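Dear colleague,

Please keep the sequence and the view open while you read.

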Amino acid sequence: MDRQKKNREGFTLIETLFVVALCVMMYGMFVGKKATAFSLQLFLRQMKLYCEEQQFSAMQAGQRRTIRFENDHALFDQESVFYPSGITCEPYAFAYNAAGNISKAGTLRCANEKEQGTLVFQLGSGRSVVR
């Protein structure tokens, strides 16, 4: 019986797994750091949306809605929302009146291990800006 030559044109499973593991490690080193920095801006945008939701709720119900930011969580009219791990904020509180106007202008300052960001609330119509 003649032995057939093994086909050596492809990669072995071990070689393929090694390349995949190397790619995952490189992704974690380079892209993972940028994703962490981006998460603070994403978090502040999410807090802005929560506040806008409370503003619309205040106008629809014709009732005052109170918002309080603590070090590790926020209270949106008695509903707690906990921050992702690594993000902390300085305490800040305000309310929307029945017309949806904000009671007190101010700035919410938050930070993670790499950067700081702010959510600025403007007096009157309750506009907010992420910086």
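**What was found**

Cys51 has a relative accessibility of 0%, so this residue counts as buried. Please bear in mind throughout that the model is a predicted one.

Turning to the disulfides, a search through the whole structure gives one, and this bond joins Cys89 to Cys110, with a distance of 2.0 Å from S to S. The two cysteines belong to distant parts of the chain, since Cys89 lies in strand β4 (residues 88-89) and Cys110 in strand β6 (residues 106-111), 21 residues apart. The disulfide is right-handed because the torsion about the S-S bond of Cys89 and Cys110 is about 105 degrees, and both Cys89 and Cys110 are buried.

As for the aromatic rings, the count comes to eight aromatic pairs. One of them is formed by Tyr92 and Phe94, whose ring centres are 5.6 Å apart and whose planes stand at 35 degrees, so the pair is tilted; both of these residues, Tyr92 and Phe94, are buried. Ring pairs also link Tyr50, Phe69, Phe76, Tyr92, Phe94, Tyr96 and Phe121 into a cluster.

On the surface, a nonpolar patch is formed by Phe18, Val19, Leu22, Met25 and Met26, which together have about 510 Å² of accessible area.

With kind regards

How values were computed
Residues are numbered from 1 along each chain as its sequence is written. This is a predicted model: local features need pLDDT of at least 70, side-chain atom pairs count only at pLDDT 80 or more; totals for chains, interfaces and linings use all residues. Side-chain values use heavy atoms; hydrogens and water are left out. Patches are made of residues with over 30% relative accessible area and no salt bridge: like charges are joined within 9 Å, nonpolar side chains (Val, Leu, Ile, Met, Phe, Trp, Tyr) within 5 Å. Accessible areas come from the Shrake-Rupley method with a 1.4 Å probe; for residues, only the protein chains shown count as cover. A salt bridge is a side-chain nitrogen of Lys or Arg within 4 Å of a carboxyl oxygen of Asp or Glu. Rings of Phe, Tyr and Trp (its six-membered ring) pair if their centres lie within 6.5 Å; planes under 30 degrees apart count as stacked, over 60 as edge-to-face and the rest as tilted. Buried means under 20% relative accessible area, exposed over 50%, partly exposed in between (1.4 Å probe, protein chains only). A disulfide is a pair of cysteine sulfur atoms within 2.5 Å. Helices (H or I, at least four residues) and strands (E, at least two) are DSSP runs, numbered from the N terminus.
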